[in-house]
Amino acid sequence: MNEPPRLPEGSFAAWSRDRLALARRGADECGDVWQLEPGAYVVATAGSCEEVLHRTQDFPKPPSPLFPPLKRANSAPTPEAHAHARAARMRGLRPQTVAARIGEIAPGAARFADQWPTGRDVEILPVVRPALAEIGVRYLFSVDAPTLLPFAWQLFMARELLVHPSRWVWPRWVPTSARRFRTRQQVAFTNALRPIVRRRRSSGRLGDDVLGHMLQPSSRYGLLPEEAILDTLPGITVATFETPSRAAGWILLHLARYPQAAGRVAVEAALLPADPAATTSIHLDSLQYTQALVREVLRLYPPSWLLTRRATRQTRLAGYTIDAGSTVLVCPYTAHRDAREHSEPDRFRPERWLDDSGSPAKPGVFLAFGTGPHGCEGAALAMAMLTLLTAQIARRYHLSEPPGPEPGYQVTTFEGLATDGLRLRATVRG
């Protein structure tokens, strides 16, 4: 079989604001897999994306470069230590654990809605991020969240500097100003977290939050070392609110553009308890249309629209030969717009997720949180946060766009998709 069609040399380096259009055109014109430049391939359709994300031996997930373990005298973490840390985190992030703590998540969403300034145009991301940061950090650290929240915010600021587009791509060993700032903030967060870890362990009151689950010994691995806890939490802390914030911008924009859909969400949300702390997983499950709307927005605008993998050995994919060391870019954005999986794929239609045919469990249909062994650890938490935030906003307000230009795309270095400069106005529902 022929190799994938090639795009012009240098197109990979030239991707910027038109990358989404380029990816879509590549999927339409080149099929399941297409070569972007020598050694770089885009996997663009649902079935092929699903295949790559499940073939972790051929296409492993790379370690995050944003918050690597701090350099210490001891040796680098072993693969077993990474597996132990991930298993410990997942005890606090699995769906049943999130469901049991809905009453702790809901008050933050309601508080954000109550404090939304009405009657004027508000830029969305700067107000959504602090609200979701408070919810996410409280979920991770419960009573210790107020102590750690300022340090978590500084970690986010360090992340923003690291992913800001730059003229130069420096090797990872070069101590740029952004990397030095990242290290300082990571050290500050670690220094604030360390006494909390030691206090909880010495008192025996570990807590039922994510940190508490990480402090509990595992029947398989035993006790997770302190340094492993301190190294693994900076990245997961920022992830609990950074990615959902990008998604929230698109969700609120769709509430403004589709008032009938927003009205259906408001009807569901009216049945939530007056006291948000009394919200349970049963209430969350009753928000079926709201969850469908959130899922549909994530389908159209996945916050992580491009996932990077590197082939460990020469292999075959969709009939093509992929050489060892090649970069393979998995594109949920184009997979979600695959007409073989979604009828009218460019149309906003939340109802598709209420039909049996729209089940997110169907392979390749929904990749906003990835899939396979390395799918997003916080998917259940993110869905709960976004569903409750959407319900509380629609319950209280009509949203509208001010006149002016369309909000743009912002595509970051690490392939995040966010609304750029989006402003909305809220008026109280009658």
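Helix H8 (residues 145-163) has 19 residues and, at 1.5 Å a residue, should span 27 Å; its end C-alpha atoms are 26 Å apart, which agrees. The expected span is 1.5 Å times one less than the number of residues. Helices (H or I, at least four residues) and strands (E, at least two) are DSSP runs, numbered from the N terminus. The model is predicted: local features need pLDDT of at least 70, side-chain atom pairs count only at pLDDT 80 or more, and totals for chains, interfaces and linings use all residues. Residues are numbered from 1 along each chain as its sequence is written, and side-chain values use heavy atoms, without hydrogens and water.

Three strands form an open antiparallel sheet in the order E3-E11-E8; strands pair if DSSP finds at least two bridges between them. Strand E3 (121-123) and strand E8 (397-400) are the edge strands, each pairing on one side only. Neighbouring strands of this sheet are turned by 40° against each other on average, direction ignored. E3 pairs with strand E11 (residues 423-428) over three bridges, and Val-122 stands opposite Leu-424 in E11.

Helix H11 (residues 226-257) lies across E8 and E11, at about 95° to E8. Helix H16 (residues 379-396) also lies across E8 and E11, running at about 95° to E8. Axes are lines fitted to C-alpha atoms, for helices over the stretch in contact, and angles run from 0 to 180 degrees between N-to-C directions.

Definitions and conventions
Contact = heavy atoms within 4.5 Å.
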